[in-house]
Amino acid sequence: MKLDELEKKIGISFKNKDLLTKAFTHRSYLNESRKIVEHNERLEFLGDAVLELSVSDYLFKKFPDEMEGYMTSLRAALVNTISLSEVANELDFEKYLLLSKGEAKETGRGKRHTMANTMESLIGAIYLDQGYNQADKFVIKNIIENKLDEIIKEEKFRDAKSLFQEKAQAEKGVTPEYKIIKEWGPDHNKKFISGVFLGKNLIAEGEGLSKQEAETEAAKKALDVNGW
């Protein structure tokens, strides 16, 4: 891996290079390599928390007069799989990521999920190696300043679940409920099918690599079903 190239790209020189390597090591790679024994999921867990704090702090200061709901929607749009994977692709993460041959063939939602998780892992690694301030600067430059204007301009913060709830309450007088209908796969690569219900009626189903993603897909289909 040419991780020194990535360091130049993001403007951060790691003190502990092993942390950076770990951030770009997918669990699946351990099955094909005896040299590397740690993957990036613990860093992903940490990076997710650092990312949420960084984005929350930025939005709180930038929008002093906005209500909690608006800032929560903006934050969700900034840290979701789509936004994070787009930034990861812009930084050519795939070029540096250690994956199994099978995982490397993944496309679509599976690939986006892997790229987004790697972004969180990198943020976790920056935090451990450089401290919160450096991690915060990385998030602001590469994610917030990169995506926020676009999200606001194109109203990408108005996610499908929120829109479907608004429409369902206005048109039907009912609040949607989501239930996981099926889940399968190993812990590191689970898949879910969620159903969205109005009362006892199943309106649509959606599949995703997380419960949230499956619910969002179900909401999108429900909007289409009702012509909303």
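Me: Why are α3 and α4 called oblique to each other?

Reply: First, a word on the source: this is a predicted model, in which local features need pLDDT of at least 70, side-chain atom pairs count only at pLDDT 80 or more, and totals for chains, interfaces and linings use all residues. Residues are numbered from 1 along each chain as its sequence is written, and side-chain values use heavy atoms, with hydrogens and water left out. Now to your helices: the axes of α3 and α4 come within 10 Å and cross at roughly 135 degrees. Angles under 35 degrees count as roughly parallel, over 145 as roughly antiparallel, 65 to 115 as roughly perpendicular and the rest as oblique. The pair α3 and α4 is therefore oblique. Axes here are lines fitted to C-alpha atoms, for helices over the stretch in contact, and angles run from 0 to 180 degrees between N-to-C directions. The helices themselves are DSSP runs (H or I, at least four residues), numbered from the N terminus.

Me: How do you know which residues of α3 and α4 meet?

Reply: Contact means heavy atoms within 4.5 Å. On the α3 side these are Leu51, Glu52, Val55, Ser56, Leu59 and Phe60, and they meet Met71, Leu74, Arg75, Leu78 and Val79 in α4. By class, the contact of α3 with α4 holds 8 nonpolar, 1 polar and 2 charged residues. Ala, Val, Leu, Ile, Met, Phe, Trp, Tyr, Cys and Pro count as nonpolar, Asp, Glu, Lys and Arg as charged, and the others, Gly among them, as polar.

Me: What makes α4 oblique to α5?

Reply: α4 and α5 pack at about 45 degrees, with their axes 4 Å apart. That angle makes α4 oblique to α5. Ala77, Leu78 and Val79 of α4 make this contact with Thr81, Ser83 and Leu84 of α5. The residues there divide into 4 nonpolar, 2 polar and no charged.

Me: And what makes α5 oblique to α8?

Reply: Their angle is about 125 degrees, with the axes of α5 and α8 11 Å apart. That makes α5 oblique to α8. In this pair, Ser83, Leu84, Glu86, Val87 and Glu90 in α5 meet Asn142, Ile143, Asn146, Lys147 and Ile151 in α8. The contact of α5 with α8 has 4 nonpolar, 3 polar and 3 charged residues.

Key: Helix = DSSP H or I, 4+ residues; strand = E, 2+ residues; numbered from the N terminus.
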